Protein chains: 2
Amino acid sequence: MPTSEQDFLRVIDRHFPNPGQPPGQNGGPGILLGRGDDCAIIDTGGPFAVSTDLFMEDAHFRRSYFAPGDIGHKALAAAASDLAGMGAQPVGFALSLAVPDDGPSGLDDSYLDAMLAGMAALAGRLSLPLIGGDLSRGPKLALDIVVLGKPGPSGRLLRRRQARPGDALLLVGDIGLARAGLMELEAKGCCVLADWPAAIMAHLRPEPRIADGLALAQIMSPDGPAVSGLMDVSDGLARDLPRFLGAFGADLSLRREDLHPEVAAYFSSHGEDPVEAAVLGGEDYALLASATRQRLPAVLAELPQVRAIGRVSAEPGVRINDGQVLRQGFDHFSRE
Amino acid sequence: MPTSEQDFLRVIDRHFPNPGQPPGQNGGPGILLGRGDDCAIIDTGGPFAVSTDLFMEDAHFRRSYFAPGDIGHKALAAAASDLAGMGAQPVGFALSLAVPDDGPSGLDDSYLDAMLAGMAALAGRLSLPLIGGDLSRGPKLALDIVVLGKPGPSGRLLRRRQARPGDALLLVGDIGLARAGLMELEAKGCCVLADWPAAIMAHLRPEPRIADGLALAQIMSPDGPAVSGLMDVSDGLARDLPRFLGAFGADLSLRREDLHPEVAAYFSSHGEDPVEAAVLGGEDYALLASATRQRLPAVLAELPQVRAIGRVSAEPGVRINDGQVLRQGFDHFSRE
């Protein structure tokens with residue numbers, strides 16, 4: 001366990017090259033000054049996106065079944081997914097880290113090292129340099145990650161609440177898969193990877209859909225950009241869809257065949273309706289998008305992984321398969 | 001205690017107007033989209049400064065002697081001081097908040113309300129709108145604040161490690177005052193305001209020196225901008241000065257008369273050398289700047305609150321009053 005902030009910064013430097021060092025040298029796209037000053041200095045040459053995401057022990061993860069590398073990976077993945085939800089290109093991130101005191105819940109050097117290695121591997125793949133952060137002791141392991149992004153080649157950042165009645169609703173990624181993984185891990189603890197590999201990995205090592213977000217923002221139809229609205233589904237479709245629709249509603253068509261095979265099998269074998277469980281979801285880090293009916297073919301032609309899951313309706317409320325109305329999704333904060 | 005994230009967001013909305021709402025409407029300088037989407041969208045029209053700061057119960061504050069409004073104020077003040085340390089103009093901030101579960105350490109509605117009111121009052125004075133955040137439950141109260149700033153009228157953001165041998169070292173603000181306040185509060189708990197009012201207030205309600213930072217960046221001497229380097233002193237001069245100097249050293253001249261009267265009186269009455277205690281400091285949120293000898297008069301003429309406290313030396317190490325060498329300052333992380 002590093003005993004001073006200085007020691008800890010050396011560990012950080014080992015895992016994350018410091019963009020913009022030495023001072024004055026431009027170390028990355030738009031990063032004029034990296035770590036080591038009061039602030040980092042960035043210039044994206046225009047609008048940029050910023051978001052902050054907490055990842056806290058026993059609220060968002062358990063040390064009993066998350067390997068340290070999983071924790072580092074998922075903290076950054078969850079934050080970066082907010083950039084994917086804007087169709088943004090990553091610029092940099094900052095990490096605030098609270099680590100437990102020494103003692104029974106203390107973390108040793110190799111634990112922190114593995115956690116940062118997991119984070120650094122994802123950061124490298126996403127071209128997301130570490131531009132700053134803060135460090136403290138705390139009762140439990142807690143990470144807060146700030147991500148900065150900018151428009152990709154499309155020049156656009158895509159918002160929620162852009163869909164209009166009649167528009168198609170589009171989904172990229174699996175829903176319910178991480179929920180199945182969480183339920184299995186909570187029920188059995190670690191070492192259940194063999195039974196439900198995709199579900200477990202979806203919970204421990206979600207992949208932010210940065211490339212999909214950038215691609216969705218860039219698709220052109222004959223009369224303009226094809227995708228009107230975009231968000232990342234992190235609290236479950238049931239909770240996030242109303243946030244995407246604003247005043248409108250939706251009619252969804254979601255069959256068992258539309259789900260990942262592990263989602264269908266897992267919830268069936270646990271006596272739950274797979275479609276309902278998938279829609280409740282949580283931590284899916286899928287992307288939800290909207291496009292007018294005319295522009296839908298351009299999207300489906302360009303990105304085969306996109307699935308049309310329904311239509312926006314003027315009538316409020318969300319109906320699935322012409323009947324069932326959505327229950328609430330997932331709330332990390334709620335005690336219900 | 002709000003029982004869902006939705007309830008909590010209503011409390012947030014009551015205290016902080018949402019810039020950029022409704023979507024598409026520009027709610028503040030450079031804020032194209034405020035809270036309520038995956039990311040906020042900002043456009044500062046050029047380079048911007050970003051920093052993140054943790055403020056955690058029992059590491060940075062105690063609920064026993066911090067009123068809830070003090071906690072909200074100081075969390076934001078400490079973060080905003082990093083903008084002051086770049087001479088930056090505030091653009092916006094994001095708040096990640098972990099609040100204890102219900103139970104003995106739970107917080108009731110009025111507590112959170114008072115905390116946010118304290119934060120909102122300072123945010124209003126600094127023209128720092130809340131652009132986003134995240135919320136979780138956690139074992140103790142913890143706040144992480146991200147601040148965004150941009151160059152002020154000077155067009156400059158001022159860095160550390162710009163000072164050269166022979167340059168004057170400048171200080172704005174009191175050092176050691178918050179340290180005296182912390183010692184008194186730790187020794188006696190609450191209700192000691194009457195004895196050491198300035199020291200207690202310096203610890204509970206520090207004021208980020210945004211206006212001073214902007215002014216320092218703007219001062220012109222006949223041959224160019226007068227101030228070369230700037231930082232905020234948050235870990236004590238002893239720890240922060242080497243970060244400011246880089247490879248160089250300094251000779252400081254600091255007399256008892258240069259200190260706040262409460263600093264001199266407090267440490268004398270506790271058997272400590274006031275100058276040494278002031279230099280150890282911690283959470284001073286003073287500003288440290290550098291200027292060449294030729295440009296010093298312009299600075300002192302423009303900002304009478306600036307005090308010249310010494311000179312940069314080619315020889316490494318920091319000497320005070322021709323003798324004593326600095327010990328280390330304050331490390332929130334260290335267990336020493």
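## A helix across a sheet in chain B

Across which strands of chain B does helix α6 lie? In this predicted model, helix α6 (residues 210-218) of chain B lies across β7 (168-172), β10, β12 (286-291) and β13. The direction of α6 is at about 5° to that of β12(B). Helix α7 (residues 237-245) of chain B also packs on the sheet, where α7 touches β7, β10, β11, β12, β13 and β14 of chain B. The direction of α7 makes about 160° with that of β10(B).

The sheet itself is open and has 6 strands, in the order β10-β12-β7-β13-β11-β14 of chain B, with mixed pairing. Its edge strands are β10 (229-233) and β14 (318-320), each of which pairs on one side only. On average, neighbouring strands are turned by 25° against each other, direction ignored. Strands of a sheet pair through backbone hydrogen bonds, and the pairing is either parallel or antiparallel. One pair here is β11 (residues 249-252) with β13 (residues 306-313) of chain B, antiparallel over 4 bridges. Within this part of the sheet, B:G249 has B:S313 in β13(B) as its bridge partner.

## A sheet built from both chains

Another open sheet takes strands from chain A and chain B, in the order β1(A)-β2(A)-β3(B)-β6(B)-β4(B)-β5(B). There are 6 strands in this sheet, and the pairing is mixed. At the edges are β1 (31-33) of chain A and β5 (130-138) of chain B, each pairing on one side only.

On the chain A side, β1(A) and β2 (residues 40-42) run antiparallel and are joined by 2 bridges. The bridge partner of A:L33 in β2(A) is A:I41. On the chain B side, helix α3 (residues 109-125) lies across β4 (88-100) and β6 (142-151) of chain B. Helix α3 of chain B runs at about 170° to β4(B).

## Two crossing helices in chain B

How are α4(B) and α5(B) oriented relative to each other? Helix α4 and helix α5 (residues 197-204) of chain B pack at an angle of about 95°, and their axes are 7 Å apart. Angles of 65 to 115 degrees count as roughly perpendicular, so α4(B) and α5(B) are roughly perpendicular to each other. Residues of α4(B) that make the contact include B:A180, B:G181 and B:L185, while those of α5(B) include B:A199, B:I200 and B:H203. By class, the contact has 10 nonpolar, 2 polar and 1 charged residues.

B:A180 lies in α4 (residues 177-188) of chain B. B:A180 counts as buried because its relative accessibility is 1%, and buried means under 20%. Apart from neighbours within four places in sequence, B:A180 is in contact with B:A199, B:Y266 and B:F267. The C-alpha atom of B:A180 is separated by 32 Å from that of B:G92, which is 88 residues away along the chain.

## Two buried strand residues in chain A

A:V172 is found in strand β7 (residues 168-172) of chain A. With a relative accessible area of 2%, A:V172 is buried. Leaving out residues up to four places away in sequence, A:V172 touches A:R209, A:D212, A:L216, A:A286, A:L287, A:Q305 and A:V306. One of these, A:Q305, is 133 residues from A:V172 along the chain, yet their C-alpha atoms are separated by 6.2 Å.

A:S313 is in strand β13 (residues 306-313) of chain A and counts as buried at 9% relative accessibility. The side chain of A:S313 reaches the backbone nitrogen of A:A250 at 3.2 Å. A polar contact of 2.9 Å joins the side chain of A:S313 to that of A:R319. Beyond its neighbours within four places in sequence, the contacts of A:S313 include A:P165, A:F248 and A:D251.

Is A:S127 buried or exposed? A:S127 counts as exposed because its relative accessibility is 53%, and exposed means over 50%. This residue lies in the loop between α3 (109-125) and β5 (130-138) of chain A. The phi of A:S127 is near 55°, a positive value in a residue other than glycine.

B:D58 is in the loop between β3 (48-56) and α2 (68-84) of chain B. The phi of B:D58 is near 70°, which is positive in a residue other than glycine. With a relative accessible area of 37%, B:D58 is partly exposed.

Conventions: Residues numbered from 1 in each chain as written. Chains lettered and ligands numbered in written order. Predicted model: local features only at pLDDT ≥ 70, side-chain atom pairs only at ≥ 80, totals over all residues. Heavy atoms only, no water. Buried < 20%, exposed > 50% of the residue type's maximum accessible area, 1.4 Å probe, protein only. Contact = heavy atoms within 4.5 Å. Axes fitted to C-alpha atoms, helices over the stretch in contact; angles between N-to-C directions. Parallel < 35°, antiparallel > 145°, perpendicular 65-115°, else oblique. Nonpolar A, V, L, I, M, F, W, Y, C, P; charged D, E, K, R; others polar. Pairing = 2+ DSSP bridges. Polar contact = N/O pair within 3.5 Å; in protein donor to acceptor, adjacent residues only side chain to side chain.
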